[in-house]
Amino acid sequence: MDLNFTQEELEFREDVRAWLAENLPGDLARKVRSDAPLTKDDMLRWQLILHEKGWLTYSWPAEFGGTGWGPVKQFIFEEEMAYACAPRLLPFGLRMLGPVLMKFGSKEQQDYYLPRMCDGTDWWCQGYSEPGAGSDLASLKTTAVREGDHYVVNGQKTWTTLGQHADWIFCLVRTSTTGKPQEGISFLLIDMTSPGIEVRPIQTIDGGREVNEVWFTDVKVPVENLVGEENKGWTYAKYLLTHERTNIAGVGKSNQELARLKELAASQKRNGKPLAEDPHFAARMARVEIDLMNMEITNLRVLAQAEAGGAPGPESSMLKILGTEIEQELTDLTRRALGRSAQALTPEADDPGFNGPYVAPEGFQHATGVYFNHRKTTIYGGSTEIQKNIINKMIVGL
Amino acid sequence: MEFTHTDTRRMLSDTIDRYLRDKYPLSARVEAGQSEPGFQPAQYEVLAELGVIAALFPEDQGGFGGEGFDIAVVFEELGKRLVNEPVMDNALVPGSILAAAGQSDAVENIIAGTARYALAAEEPQALYDLADVETRAEAKGDGWTLTGAKSMVKYSPGCDGFIVSARTGKGISLFLVAPDQVSLRDYATFDGGCASELALDGAEGQLLGKEGAGAAMLQEAADRAVLALSAESLGIMQTIREMTIEYLRTRKQFGVVIGKFQALQHRMAEMLLEIEQARSAVINAANAMALADPERARIIAAAKYSIGRIGRLVAEESIQLHGGIAMTWEYDLGHFAKRLVMIDHEWGDQDFHLARFIEEGRAA
Ligand SMILES: Cc1cc2nc3c(=O)[nH]c(=O)nc-3n(C[C@H](O)[C@H](O)[C@H](O)COP(=O)(O)OP(=O)(O)OC[C@H]3O[C@@H](n4cnc5c(N)ncnc54)[C@H](O)[C@@H]3O)c2cc1C
């Protein structure tokens with residue numbers, strides 16, 4: 001047993017940290033730190049800075065223009081990004097579609113789409129879920145009917161994250177109704193400017209504007225936009241779920257949130273003493289910190305296994321459950337530490353020129369919204385219940 | 001032993017229920033919470049006409065109730081329909097203080113719904129502690145002048161006056177301050193209401209009750225507020241309970257209604273038993289209003305602690321059981337869940353009341 005990072009890994013961490021200190025724009029870090037909403041331009045700006053450095057594709061193999069870093073380096077990189085309060089990189093192109101194209105796409109598709117998702121030309125969104133097909137994704141009904149050299153797509157996708165910004169959507173569509181539902185699904189790339197597509201916003205409970213409904217009426221999609229083979233889409237979607245999930249626990253992000261929570265608890269006063277010294281609150285913080293410490297080691301164990309070439313097992317489901325629950329608990333404690341001021345809605349406090357007084361302490365004006373918004377994390381990407389079903393199936397086997 | 005309400009209280013709750021069911025759509029309430037003044041003054045007036053406010057005050061103050069169970073019945077009904085009219089903040093709380101200070105005209109107007117007052121007690125540096133007061137009052141002529149800052153003053157727009165806590169040489173006292181004496185910065189609240197930061201810079205104030213008696217008067221009002229919030233919370237939980245049961249019975253995934261999944265059945269069962277625990281806490285607290293401290297204080301603290309803990313559980317579990325739909329603004333559940341969680345941020349959260357429970361237990 002050796003729980004330490006190697007000398008090389010430690011130096012790598014230093015390099016990443018130094019580069020971030022130099023290159024992450026202060027206004028973006030400030031927004032991320034206070035959970036202020038990011039614009040499309042904010043996200044693209046950061047993406048392009050990373051792209052120029054060659055780190056945008058940090059999880060990609062070298063042959064596709066990636067860094068070729070192993071799981072441990074990727075983990076370190078993500079941790080440092082979180083500590084620096086860098087904008088989160090959207091997974092849809094880089095971590096979802098990208099790997100699918102590398103594995104199952106044609107050479108033409110790889111050459112065309114991969115560079116464009118990096119240089120900011122194409123913003124991708126994910127069109128899997130439908131109103132009737134959430135956890136039971138295979139029951140999806142959006143149809144694609146082949147007519148000559150194109151498909152005609154009809155149906156509705158929903159929960160499409162940031163689809164309002166998207167140039168392209170990758171969709172699971174039904175191309176056959178014979179056999180098992182999983183066997184009639186295809187993976188299709190659809191240009192969002194195609195006639196017949198309508199994007200309708202869904203407002204979230206925190207008032208945010210991050211998800212959409214996407215409606216398709218007789219949308220023509222060239223057959224070249226099919227990834228892999230017809231009716232094999234389910235295999236490709238599942239490939240995504242079982243790969244590249246070593247980063248799912250969000251250790252860096254949670255460590256960063258814990259640090260911020262501790263700062264807040266040190267400055268808030270209860271009975272004349274810092275909240276951090278209040279026995280009830282201190283116990284709450286300690287419990288989540290311990291869970292996080294344990295999870296970090298669990299995550300590193302999984303990484304070491306992946307680095308050695310081991311196949312991923314139920315661990316990714318475990319990390320998804322743990323990571324999201326810890327994240328949610330941290331948002332709960334942060335809101336709690338604000339006391340009465342957690343109720344205040346003061347978006348004006350985001351303005352660079354705002355000169356107070358703050359109702360919630362500076363930088364925490366979005367904490368309650370974040371708490372509610374984070375309820376989504378145990379619902380999407382395979383809900384906690386679905387992950388538990390998976391763990392049981394893989395280990396208990398009944 | 002008898003766990004049913006009197007006929008009068010049953011009639012009152014039926015009246016409120018019927019009115020709100022017909023005439024208080026959630027959509028209007030949500031919209032009001034996003035615009036000025038943050039609630040629906042016309043609805044507030046109707047509620048007063050229905051006797052909602054009179055039920056909160058005893059006969060000798062011009063009401064027809066005022067006991068713990070009256071408060072519990074009213075606020076449970078308001079909670080069920082997510083009413084955000086400031087019955088607690090502009091009537092129950094200030095009314096009980098003004099009554100204690102012998103301001104009978106003001107109380108009558110409150111009961112009639114023609115006057116509203118707001119309490120400005122908590123300060124920016126304080127975490128729920130009403131004794132953490134830095135605002136100062138100095139005697140000047142036959143009046144007082146106040147200087148300081150108050151935070152999260154609920155429902156201040158259109159108020160006829162503010163009840164402000166401030167320190168004098170004799171400890172904490174309460175003062176009545178006219179609206180033109182304060183400066184306000186208004187903002188919306190997360191659960192669809194409104195609040196203000198309030199600044200006092202040599203504001204003129206009228207002493208309420210005896211100098212130095214403020215802390216005790218505030219505590220009396222706080223106990224009533226905690227009971228009201230706990231009952232409101234219970235009402236909200238009941239609506240969430242109905243919505244969630246209905247959803248579990250109709251939403252299908254994998255070819256069956258999701259209520260068939262045992263994982264969800266157990267989560268739901270836990271929610272159901274905790275809501276019954278919350279109901280018991282509210283009944284116990286309503287009853288305790290007639291008891292003396294420290295017993296009363298202990299039971300009130302126990303109720304707010306329970307409501308805080310169970311409220312969070314019910315809000316989070318109901319969202320999880322619903323899945324993505326519960327994350328949307330358009331679906332009603334989220335609005336109920338937000339108010340439920342925000343109740344833990346008023347008049348002391350669960351940790352605050354757990355500590356109070358322990359302390360009062362030592363005193364007992
Ligand atoms: C904010 C947000 C962003 C999203 N972004 C995207 C996106 O970009 N692209 C996209 O395609 N999708 C996206 N989703 C959709 C997400 O993947 C679905 O919400 C998720 O699959 C759950 O489906 P559902 O919401 O229909 O809930 P349901 O599947 O209806 O689940 C309801 C409840 O039943 C439980 N349940 C279901 N089946 C079982 C079972 N077999 N055993 C036990 N319990 C079960 C669930 O855990 C949940 O508690 C997003 C969702 C949200 C909330």
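In this predicted model, E348(A) forms a salt bridge with R185(B), the closest N and O atoms being 3.3 Å apart; a salt bridge here is a side-chain nitrogen of Lys or Arg within 4 Å of a carboxyl oxygen of Asp or Glu. Between chain A and chain B, 9 salt bridges are counted. Local features need pLDDT of at least 70 and side-chain atom pairs count only at pLDDT 80 or more, while totals for chains, interfaces and linings use all residues. Residues are numbered from 1 along each chain as its sequence is written, and side-chain values use heavy atoms, with hydrogens and water left out.

**Between the chains**

- Contact, meaning heavy atoms within 4.5 Å, joins 53 residues of chain A to 49 residues of chain B.
- About 4,400 Å² is buried between chain A and chain B, with carbon and sulfur atoms giving 55% of that area; buried area is the accessible area (1.4 Å probe) that two parts lose on being put together, summed over both.
- On the chain A side, I205(A), R340(A) and Q343(A) lose the most area to chain B, together 21% of what that side buries.

**Two helices within chain B**

- Helix α1 (residues 7-23) of chain B packs against helix α4 (residues 68-80) of chain B at an angle of about 20°, and their axes are 9 Å apart; helices are DSSP runs (H or I) of at least four residues, numbered from the N terminus.
- α1(B) and α4(B) are therefore roughly parallel to each other, a term for angles under 35 degrees.
- Residues making this contact include L12(B) and I16(B) of α1(B), together with V73(B) and L78(B) of α4(B).

Conventions:
Chains lettered and ligands numbered in written order. Axes fitted to C-alpha atoms, helices over the stretch in contact; angles between N-to-C directions. Parallel < 35°, antiparallel > 145°, perpendicular 65-115°, else oblique.
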